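This briefing goes through selected local features of one structure. Please keep the sequence and the 3D view at hand while reading.

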Amino acid sequence: MSHDVNTESADATQAEGPVRGTLGGGRILLIWLAANLVVTTLLTGTLFVPGVTFAESALWIVVGTVLGACVLTLIATMGVRTGLSTMALTKGSFGLRGSIVPALSNLVILMGWSWVQAMLAGISLDYLIFSWTGFTNPALFAALCEVIVVLLAIFGHAGIAKIEPWLGIVILGFMAYVFISAFGQHSLSDYLAIQADAELGMTGLSVFDIVFATAISWTVLSADLTRTARTPRAGATGAAIGYTLSTVLAMLLGAVAISYVLLEGNEAIPFDPTVVIDAFGAPLAIVMFLSVMATNTMVVFGMTLSLQHAFPLKKPLPFVPTALGLGIVSVIGSTWLGLLDQFTTFLSTIGALFIPVFAVMIIDYYVARRGVYDRDILRHSGGKYWFAGGWNIGAILTWVVGGATYWVLAFVWLSPIGAALPTVLVSALVYFVWVKATGIRAEAGARSQHLAEAA
């Protein structure tokens with residue numbers, strides 16, 4: 001398929017090369033607002049109360065989102081300034097061949113997201129069908145939802161991208177209804193009076209790590225969604241405000257919803273959509289289903305592009321057969337409902353895999369190369385991003401060290417300050433030392449230029 005450099009919206013994510021954006025900051029904000037107003041973000045907020053108090057949950061949701069948005073925005077701005085997608089940008093720091101490491105990691109993460117979101121859509125649909133007919137089979141409905149998603153990813157991704165911002169506005173309206181209903185039945189003081197259950201083993205920093213990992217999970221697509229911005233300022237402000245606003249609202253809604261269930265004297269089961277649907281009615285199930293259809297379509301589409309990027313052959317992997325092959329795997333995996341019980345472990349895996357990747361990218365682009373990547377990054381071999389046979393060994397070593405740091409601090413020697421921030425610091429420090437030791441830097445007089453315009 002051929003693509004013009006002025007391609008916008010979802011079509012821009014198809015372009016192998018740099019894309020020149022035309023969208024203003026408001027449009028980018030709406031894209032991010034719609035993308036993250038999804039059931040997974042809402043249900044993530046149900047994980048926190050009563051593990052910590054409602055007030056502590058709200059505090060760490062805001063802190064984790066703001067700090068995570070800083071990473072997301074830095075990567076998004078790289079996309080606007082160069083016109084490249086997130087995985088294409090990894091060629092500058094990992095090497096033209098070494099970028100296969102983050103690309104395949106991204107494929108794994110997106111596959112996991114596609115499974116989780118299809119399961120939640122299936123459970124929501126199952127709730128509606130059961131209420132109407134008495135028939136229930138959540139695994140079947142999850143698979144059917146993913147079949148629809150795969151077909152939309154192949155034939156309808158551009159249309160989904162166009163309607164998703166409007167769907168976001170609809171979801172905002174329903175969120176307002178839930179907030180009004182929840183606080184109409186119980187006062188803010190009632191929510192603040194909910195006692196933390198220490199036996200659940202959660203702390204404020206546990207909440208922070210989960211929220212921060214959520215931001216990291218979206219950062220894999222940050223340049224893809226934001227490089228359609230007209231200017232770096234429009235991209236940065238739109239992405240930062242859109243992501244922060246949508247995440248804080250959605251996660252707070254989840255915390256409010258699960259707290260409401262507790263105040264009503266019912267059992268609060270975290271990350272279970274039926275608990276929230278029971279509390280606020282069938283319209284929420286419909287909104288959950290539609291939001292997952294829209295977001296998961298772009299996830300499956302992104303998986304296909306990641307696999308194509310991971311194997312940059314002279315003739316790229318054909319889109320439709322590749323999408324169908326990945327789609328079969330995603331449909332089968334969507335029936336594994338037990339994954340929902342391991343959602344926090346899934347988020348930890350995202351943190352372990354991608355916090356080091358983004359630390360490397362930020363140090364390489366903003367510190368070592370002073371915000372300049374040139375057209376050598378578009379090559380398949382040779383040039384300044386070839387390193388050693390196409391691999392930047394320092395970036396790979398940093399990825400291994402950073403991932404091990406996160407995993408050890410999260411699961412082996414539990415850190416009193418969480419796993420996310422130490423991993424950021426360790427990864428950034430290790431790669432900074434490598435940069436200084438090997439002399440990776442921008443050429444004298446090099447200036448930042450959009451790669452679609454570079455000679």
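Predicted model: local features only at pLDDT ≥ 70, side-chain atom pairs only at ≥ 80, totals over all residues.

Arg370 sits in the loop that runs between H15 and helix H16 (393-412).

- Arg370 is not a glycine, yet its phi is positive, at about 50°.
- The relative accessibility of Arg370 is 67%, so this residue counts as exposed, the cut-off for that class being over 50%.
- Phe387 also lies in the loop between H15 and H16.
- Although Phe387 is not a glycine, it has a positive phi of about 55°.
- Phe387 counts as partly exposed because its relative accessibility is 29%, a value that falls between the limits of 20% and 50%.

**A nonpolar patch on the surface**
- Val367, Leu429, Phe432 and Val433 form a nonpolar patch on the surface.
- Together, these four residues have about 330 Å² of accessible area.
- Helix H17 (residues 420-438) supplies the largest share of the patch, with three residues.
- Val367 is placed in helix H15 (residues 343-368).
- With 37% relative accessibility, Val367 counts as partly exposed.

- Phe271 is located in the loop between helix H11 (232-263) and helix H12 (273-280).
- Its relative accessibility is 5%, so Phe271 counts as buried, a class that requires under 20%.
- Leaving aside residues up to four places away in sequence, Phe271 touches Thr40, Leu43, Thr44, Thr46, Leu47, Val116, Leu120, Leu340 and Phe343.
- Phe271 and Asp341 are 70 residues apart in sequence, while their C-alpha atoms are 8.2 Å apart in space.

**A cis peptide bond**
- The peptide bond leading from Val49 to Pro50 is cis, and its omega is near 10°.
- Pro50 belongs to the loop between helix H2 (39-44) and helix H3 (54-82).

**Cysteines**
- How many disulfides does a search of the whole structure find? The search finds zero.

How values were computed. Residues numbered from 1 in each chain as written. Heavy atoms only, no water. Disulfide = S-S within 2.5 Å. Helix = DSSP H or I, 4+ residues; strand = E, 2+ residues; numbered from the N terminus. Buried < 20%, exposed > 50% of the residue type's maximum accessible area, 1.4 Å probe, protein only. Contact = heavy atoms within 4.5 Å. Patch = residues over 30% accessible without salt bridge, like charges linked within 9 Å, V, L, I, M, F, W, Y side chains within 5 Å. Areas by Shrake-Rupley, 256 points an atom, 1.4 Å probe, with all protein chains shown as cover. Salt bridge = Lys/Arg side-chain N within 4 Å of Asp/Glu carboxyl O.
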